[in-house]
Amino acid sequence: MTLTEIRERAIEPAFQLLPAPMNSPEAELMLLAIGLQESRFEHRHQIGGPAHSFWQAEQGGGMVHGVLRHRKTEFLAIAVSDARGIAPITDNEIYKAIEFDDVLAAALARLLLWTDPWPLPNVGECAKAWDLYLRTWRPGKPHRKTWDALYARAMDELSCSA
């Protein structure tokens, strides 16, 4: 899926399900960069692994279990899941749904970023964005060497639409 398609079909509709302060260029940039890093927006199911969605969430990880239990995001995660027709709202049901529901996955990815105590990095703060990605996604095998180019690609997408 192209970055423009992901923005139009997943991120923008996800932002409509969340409080307005969660919608920002910084948030959109992080969602694009993390999606590129995790799946290149090509794989909704991790190759050789258990993760689901373009943002590669594991059932017991932050984007599923974490946002459903975090005090800042619990009620929002439930509301978003309910709006997307997930019932019952359990880790397992959400985990299954995000493999194919890109809007739900994008909203939960944004909620995971919201759990971080630090403000989102400003657009262009690539190293700080990497640190945020590490803190929130906790990738098992982080690939720093690919981040800068993917982050720049996400920034280019945002600047092309401005």
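A search of the whole structure, which is a predicted model, turns up zero disulfides. Why? Look at cysteine 126. Its closest cysteine sulfur is in cysteine 160, 17 Å away, so the two are too far apart for a bond. A disulfide needs its sulfur atoms within 2.5 Å. The surroundings of the two cysteines can be compared as well. Cysteine 126 counts as buried, at 16% relative accessibility. Cysteine 160 is exposed, with a relative accessible area of 66%.

Now step back to the whole chain. It has eight helices and zero strands. Along the sequence the pattern reads α-α-α-α-α-α-α-α. The radius of gyration is 14 Å, close to the 15 Å from the globule rule for 162 residues, so the chain is as compact as a globular protein of that length. Its C-alpha trace spans about 40 × 35 × 30 Å along the principal axes. Of the contacts with a separation of 6 or more, 61% join residues 24 or more positions apart.

Next, go inside. Of the chain's 162 residues, 47% count as buried. In soluble globular proteins, nonpolar side chains tend to be buried together. The largest nonpolar core here holds 52 residues. Trp55, Met63, Ile98, Leu108, Trp137 and Trp147 touch the most other members. Helices that give two or more residues to this core include α1 (3-16), α2 (25-39) and α8 (144-161). The largest share, ten residues, comes from α6.

Finish at one residue, leucine 108. Leaving aside residues up to four places away in sequence, leucine 108 touches Met63, Val67, Ala77, Ile94 and Ile98.

Note on methods: Residues are numbered from 1 along each chain as its sequence is written. This is a predicted model: local features need pLDDT of at least 70, side-chain atom pairs count only at pLDDT 80 or more; totals for chains, interfaces and linings use all residues. Side-chain values use heavy atoms; hydrogens and water are left out. A nonpolar core is a set of buried Ala, Val, Leu, Ile, Met, Phe, Trp, Tyr and Cys residues joined through side-chain atoms within 4.5 Å. Buried means under 20% relative accessible area, exposed over 50%, partly exposed in between (1.4 Å probe, protein chains only). Helices (H or I, at least four residues) and strands (E, at least two) are DSSP runs, numbered from the N terminus. Contact means heavy atoms within 4.5 Å. The radius of gyration is taken over C-alpha atoms; the globule rule is 2.2 Å times the number of residues to the power 0.38.
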